[in-house]
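Please look over the sequence and the model before reading on.

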Amino acid sequence: MDSNSTEFIAEAQEVIETFSRSLLELETQSRSGNLDPDLINGSFRAVHSLKGLAGLFGATSIGDLSHALENTLDSLRLGKLDVTREVLDVLFEAIELFGVLLMPKEGVGDPDADLDRFLGKLQALTRAAEQKVDNSESLEWIGEAILGVLTEYEEHRLRENLKAGRNLYRVHAAFDILAIDVGIETLKEKLKAHGEVITYLPSVDGSSDDSIELDILVGSDIDFQKMTEVVADQDVTVHRLAPPGKDGKARPPAVEDVHVPVSSSEQIPDQPEPEVVVEEPKESPRPSAREDAQPSETSLRSLSQTVRVDLRRLDVLMNLVGELGLVQANLGGVLDLLRELEQSGDVSRELQVQIRDMTRKLALLQQGILDVRMVPIGQVFDKLARVVRKVSRELDKEIRLMISGERTVLDKLIVEELSDPLMHMIRNCIDHGIEAPAERVSLGKQQVGRIELRAFPKGNRVVIEVEDDGRGMNWQKIRDAAVRRGVITADDAASISPQDALNLVFTPGFSTRDQASTVSGRGVGMDVVRHNIAKISGMIDVSTEVGRGTLFSITLPVTLAIIQALVIQSAGHTFCIPLNAVLESIMVESRDIGTVEGHEVITLRGKTLPLLHLSRLFELQPLSGHRPDPNRVYVVVVGLAQHRVGLVVDELLGQQDVVIKPLGTALRNVPGIAGATELGANRTVLLLDVGRLVDEGAHIYQTAETNSVTIGGALGG
Amino acid sequence: MAEQEDLWQALLRSGESVATDEDYEHGYKREVRQDLRQYVAFRVANELYAISIHEIEEISKLFDTTHVPRTADFLIGIGNVRGRVMPVIDLATRLRLGTCERGRMARVLIVQHNDEPYGLVVDEVRDVVRIPPESMEERPGGISGARADYIRGLGRHNDQIVIVLDLSEVLDPRDFVVGGRVDEGGAL
């Protein structure tokens, strides 16, 4: 593919996501037996535009696949094929296949062979569909004028409506030419609430220069009287269409009222449409990607009103806003200078007003850019729903996934980083958590396992919870497994608390399964999850009840682009600490610092807190003019994931919103440093990587205190 | 004359191919060479070094930097040029030639490497030189030890040896971080 391929991939992925969402919903609806025809239509349109895209970019295999898929979906929406589990399975498989075709992995599988095999499957489905065409009942009573312009799909919907025993109405409406889109939309909403809009028929009759008249064909359960009330409007008249002799009260079919303009021939589908479905698959196993005129050409347009923006461009904007913030701070300095001058009263007051106004607008601008970065977490949840579906099949377990809070928004970067950890957690849930169906029944549980995926905002953070009703985790077993794998010593194990034992699942190399399954348990597991979540400044906690289930809870900041930071000083060097990792900051008298086997600790609310001197950890050379108070120090209590340590610093300089800048390839891996930011006057300040420092602290104390009961307990608190 | 000199410099900088004195010496028949490579020559300690002009984005006076702990001694710190944060390197330290004087003539070469900016502190920026490929010695023989790794080749300009640096070696990210390393996974 050419240089446009990233553009193509991004756009194709978006369309495939839409398709996938429709399928998931379709599956839910098919269980309840109440299918919304718009959903199948939506899938059809998505695949159709994908076909168009593939054609534009010369992606032949994707074009072939969408073309074949389009035929299958067409059969679905025309009712030739029922929405069954088998059909859905095949459609979901198509999504996986799209993924493989979009980004083939070197040396893994053979996408072309997969495609051929899959196209064969689709063909089998479509062939089965051909045999089930049933257009027995005559619709002649509706009148040739209407029937003649219905597309195959519209006719199918009309039959479906009649089959369901609904009444058929022809709603005649006149719209002001200037407000026609609004007018139609309003009327459509009204009608949709009570039935299904089958088609719109243009009418030349009476159309004047400044109005357009339309006939709308509606199928509905409500009676004529009610329908008239629903659309009560001076420009709308309702006619009921009914087969002769079926309803005595009904008017005869008002065929003479309908005038179909000859000029609107584009409404008439290219006949014979069904041939596309019937003929092609017989001719060749791989239908060519040629563009046929079906069904309309408008669907090449984007499905949504959105602009795709590279996150880096938003970062540039964010940086600019950050710099404007600095300019604004400098203006404050100018204001102070001005005030010292004599007779500057009016001018400085005016400047102050303007600066205040600018500050406010700047905050709005910053918020605006942040909002653009925000996407609903639902994007990831949709992917997870597919994972649940797939993994539960593989393991022969029945799972019901319950999703809530999918509209909760998070920074796009965070959402991207979340999908892998969440996928891992879900796999673990299904593999280790949820019992086999037979076992569940014998335990008196419902046969179908339940996994709940929740997202909700909490203060300025977002919490994501994954909860299952499986077997729960036994902390003694975890402890024993950890000893067997040498993660902790037998001595540690003797004194470990249940919560600390549970937290051992986040240790590298830990796995309770002795044999790795294909699904999870490869030894890289929850430690990777924890690490990835710490990377986006998140915390993960676990709580469990044996026999009842497990709850993992992830707490995340809403964004990483701008964070609130605590500005501190150590040995004269200034650093920022992300405020979301700071639990509290306290002043400590030197005499309150104790030592446990050579390491400094303080006791904070009955718990022992290990201390880390930032200046020693970083071997900072004291800058000139730096004179710390020997009697007291400041301790910033920080924690990420499960551990807490106290960072000893010389000064707390206050809180500030800071724009984070990456340090680049060369310095990305400096342990303990997460990035840089500007703090006025072109001063660059480093941002601490708290997760890393906490890990180091825990490491120092654990290696030094293998048999210390006090510290072992305090670390987990 | 001074004006002409400026014009010539400007032409050089614009990347256009211009005839040099050398070209004229050989008479007008000789075609203007298209393959002369342009380098920015600068002094570090007592040696003349050069970097391809395409790799240099800007030449700046010294600016403030912030010390970054746990990094190699050649990293002075990070600096901020118009909102862009970049590592700033003492090239003398990097090349094991002592430290740069950071005097009145010292400059920071802002280079672009793998789409990221870096600052290189040098003692003095000399000139833009053009070195024909054939007078470049690909395998430096005379220089041994660690420094040889950083050298792409040796060129001659006005009877002076110019050492052309290999930025991908000078800026090898593996050399920046030292100490405090436990392991990559952030282990407990």
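## A sheet in chain B

B:Ala41 stands opposite B:Ala50 in β2(B). The model is predicted: local features need pLDDT of at least 70, side-chain atom pairs count only at pLDDT 80 or more, and totals for chains, interfaces and linings use all residues. Residues are numbered from 1 along each chain as its sequence is written, chains are lettered from A and ligands numbered from 1 in the order in which they are written, and side-chain values use heavy atoms, with hydrogens and water left out.

Strand β1 (residues 37-44) of chain B runs antiparallel to strand β2 (residues 47-52) of chain B, and 6 bridges join them. Strands here are DSSP runs (E, at least two residues), as helices are (H or I, at least four), numbered from the N terminus. Two strands pair if DSSP finds at least two bridges between them.

What is the strand order of the open sheet in chain B? The order is β9-β1-β2-β11-β10, 5 strands with mixed pairing. β9 (124-131) and β10 (151-157) of chain B are the edge strands, each pairing on one side only. On average, neighbouring strands of this sheet are turned by 35° against each other, direction ignored. Axes are lines fitted to C-alpha atoms (for helices over the stretch in contact), and angles run from 0 to 180 degrees between N-to-C directions.

## Salt bridges

Side chains of opposite charge can pair when their charged atoms come close. A salt bridge is a side-chain nitrogen of Lys or Arg within 4 Å of a carboxyl oxygen of Asp or Glu. Over all chains, the count is 41 salt bridges. One network of them links A:Arg450, A:Glu452, A:Arg454, A:Glu465 and A:Glu467.

A:Glu584 and A:Arg605 form a salt bridge at 2.4 Å, N to O. A:Glu584 lies in strand β14 (residues 582-589) of chain A, and A:Arg605 in the loop between β16 (599-604) and β17 (607-613) of chain A, so the pair ties together parts 21 residues apart in sequence.

## Exposure of the pairs

Buried means under 20% relative accessible area, exposed over 50%, and partly exposed in between (1.4 Å probe, protein chains only). A:Arg605 is exposed at 65%.

A:Arg312 and A:Asp310 meet in a salt bridge at 2.9 Å, N to O. A:Arg312 is exposed at 60%; A:Asp310 is partly exposed at 33%. A:Arg548 and A:Glu545 meet at 3.7 Å, N to O. A:Arg548 is exposed at 58%, and A:Glu545 is partly exposed at 45%.
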